[in-house]
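Have the structure open as you read.

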Amino acid sequence: MTYAILECNMERLTKKLTTIKNKCEKYGIEFHFEEVGEEFRTIKNENDEEEVLRYVLVEAEGKAEQSGWEFVASLDHTDKGNIISGTGNIEVPERYYNADCVCEHCNSRRNRKNTYIVYNAEKQEFKQVGKSCLKDFTHGLDAEGVAQYISGYDELIKGEEPYGGCHSTRYFDVKEMLAYFNETIKHFGYVSNAEARYGGGRSTSERASFYYDITHGRVPYGIPMKEVDETKEELKKVNFNVDSEENKAKVNAMVEWVLSNPSNSNYFHNLKVVVSTMWISEENFGLVASIPATYDKTLEIEAEKRRRELEAKADESNSKWIGEVGKRITFKVDSARVLSTRYTEWGETYFIKFRDTDGNIIVWSTSNGNVIEAKEIIATVKEHSEYNNVKQTIVTRGKVVA
C-alpha cells in the first residue's frame with residue numbers, strides 16, 4: 001500500500017519503521033517499506049494561507065503470517081463497541097464491530113482489553129484470538145510485537161499531517177516564480193545574492209519573493225504593514241504585472257530555452273534539473289532568479305552578433321554620439337532596458353540603457369524606473385563615452401515627453 005508522507009516527517013518516521021522492521025525480521029515476519037516517488041499538494045496552513053508542500057510516497061507492505069493465517073487487526077474492546085486498528089490491507093467483517101472478548105481458537109471467554117483478528121486467504125476465514133493464542137498465527141510474534149507492528153501503519157497514516165516540531169518546506173511553481181523574477185528584473189534590474197551580500201540592498205530573489213508574498217496576501221514575519229502598503233503602491237506605480245501576456249510568453253520561452261540548452265556546465269545542469277522538477281523551494285530561488293538575466297544576455301549577445309554581421313555586410317556604422325555636452329537633446333526611444341539598480345544616499349537609482357530610432361546608445365541614471373516605458377525623452381548631455389568600443393551618450397536631468 002502506498003502512503004503520502006509529509007517531507008518533514010520522513011526522518012522521524014524512517015527511524016521508527018526501521019525499528020519495527022528489525023523486530024519483524026527477528027520473528028521471520030515480512031515487513032518492508034521504501035520511497036517510490038513524490039507529489040506536491042496545495043494546503044492551507046494555520047493562518048489560512050495557501051502553500052505548496054512536498055510529500056514523499058512510501059510503499060509499505062507486511063504480513064504477520066503462519067500456515068496461511070495472517071494477522072490483520074486488533075480489537076480494543078469498549079462498552080460502546082470495538083476500536084479496530086490494523087494494516088488497512090484487509091477489511092474486518094462487521095460482526096467484529098461489537099464482538100465479545102472471546103478467543104475463537106481456544107474457545108475461551110474472559111474479560112480482555114484486546115483481542116486480535118487473523119485471516120486465512122485460502123479458506124477465506126477470519127478468526128478472533130486472544131493474546132496467548134496470537135503467537136500460534138504469527139511466527140511467535142507476541143501481542144507487544146503485534147502492537148508495534150500495527151503502530152508502523154498508524155505512523156504512516158499520521159505521516160500526512162505536520163508533527164510537533166516539524167518545519168515544512170514551502171514549494172513554489174517554477175513558472176510562477178520565474179514570472180516574478182522576470183518582472184522584478186524588468187523594473188529594478190538584476191542583483192545577484194552575492195552582489196546583495198557585499199553591496200547592500202536586496203537581491204532579485206529576495207525582492208521577488210517579497211513581492212510574491214504580499215501579492216498572495218502573506219505578510220512576511222517581521223515586516224511592518226507600513227512597508228507592505230508602501231511596496232504595493234510602488235508596484236502599482238511601475239505597473240508591475242506578472243500576468244501580462246508579454247511576461248507569460250517570455251517565461252515559456254525561458255523554460256524552453258533552459259530545457260533545450262546543452263548541460264555543458266554545472267550552472268546549466270543545475271538549471272535544467274530545477275526547471276524540470278517544476279517545483280522549487282526558497283533554497284533554489286537565487287538559481288532560478290538568474291535565468292532572466294542570463295537569457296537576456298544570451299539573446300543580446302546573439303542579437304549583437306547578428307547585428308554586427310548585418311552591419312559588416314551593409315557597411316553600417318555603430319552607435320554615434322549625439323548632441324553636445326551640456327546641451328539639451330531630444331531622442332525617440334526604440335528600446336530600453338534596466339542595466340542595474342543601486343542604493344545611494346538619495347534612494348534607489350536605476351541605470352537604464354536606451355537605443356534611439358537611429359541606433360544610438362543613450363544611458364541615463366535616474367530615480368524613476370518607470371521611464372523604460374517612455375517613447376520620447378528630453379535630457380541634458382552629461383558626457384560622451386565608449387564601452388566595449390560602442391559610443392554611448394550619457395545624459396542627465398531627463399524628462400519624458402511621451
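The notes below cover a pocket, a cavity and a helix. Keep in mind that this is a predicted model.

**The largest pocket**
- The largest pocket comes in at a volume of about 1700 Å³.
- It is lined by 47 residues, and Asp 296, Glu 300, Arg 337, Leu 339 and Lys 353 sit closest to its centre.
- Two or more lining residues come from each of helix 4 (174-188), helix 8 (245-260), helix 10 (285-314), strand 11 (328-344), strand 12 (347-356), strand 13 (361-366) and strand 15 (390-400).
- Helix 10 gives the largest share of that lining, with 10 residues.
- Sorted by class, the pocket lining has 18 charged, 17 nonpolar and 12 polar residues.

**The cavity**
- There is 1 cavity of 30 Å³ or more, and the largest cavity has a volume of about 40 Å³.
- Its lining is made up of Thr 184, Phe 188, Gly 189, Val 191, Arg 202, Ser 203, Thr 204, Arg 207 and Thr 341.
- Helix 4 and helix 6 (204-215) are the elements that give two or more residues to this lining.
- By class, the cavity lining has 5 polar, 2 nonpolar and 2 charged residues.

**Helix 9**
- Helix 9 runs over residues 266-277, and its 12 residues reach 17 Å from first C-alpha to last, close to the expected 16 Å.
- Phe 268, Leu 271, Val 274 and Val 275 are buried in helix 9.
- These four lie on the same side of helix 9, because they cover an arc of only 130° around the axis.
- Just after helix 9, Met 278 takes a positive phi of about 70°.

Terms used:
Residues are numbered from 1 along each chain as its sequence is written. This is a predicted model: local features need pLDDT of at least 70, side-chain atom pairs count only at pLDDT 80 or more; totals for chains, interfaces and linings use all residues. Side-chain values use heavy atoms; hydrogens and water are left out. The expected span of a helix is 1.5 Å times one less than its number of residues. Buried means under 20% relative accessible area, exposed over 50%, partly exposed in between (1.4 Å probe, protein chains only). The arc is that of the directions from the helix axis to the C-beta atoms. On a 1 Å grid over the protein atoms alone, a cavity is a set of points where a 1.4 Å probe fits but cannot get out, and a pocket is an open set with protein on both sides within 12 Å along at least five of seven lines; lining residues have an atom within 4 Å of a point. Grid points are joined across faces, edges and corners, and a volume is the space filled by probe spheres set on the points. Ala, Val, Leu, Ile, Met, Phe, Trp, Tyr, Cys and Pro count as nonpolar, Asp, Glu, Lys and Arg as charged, and the others, Gly among them, as polar.
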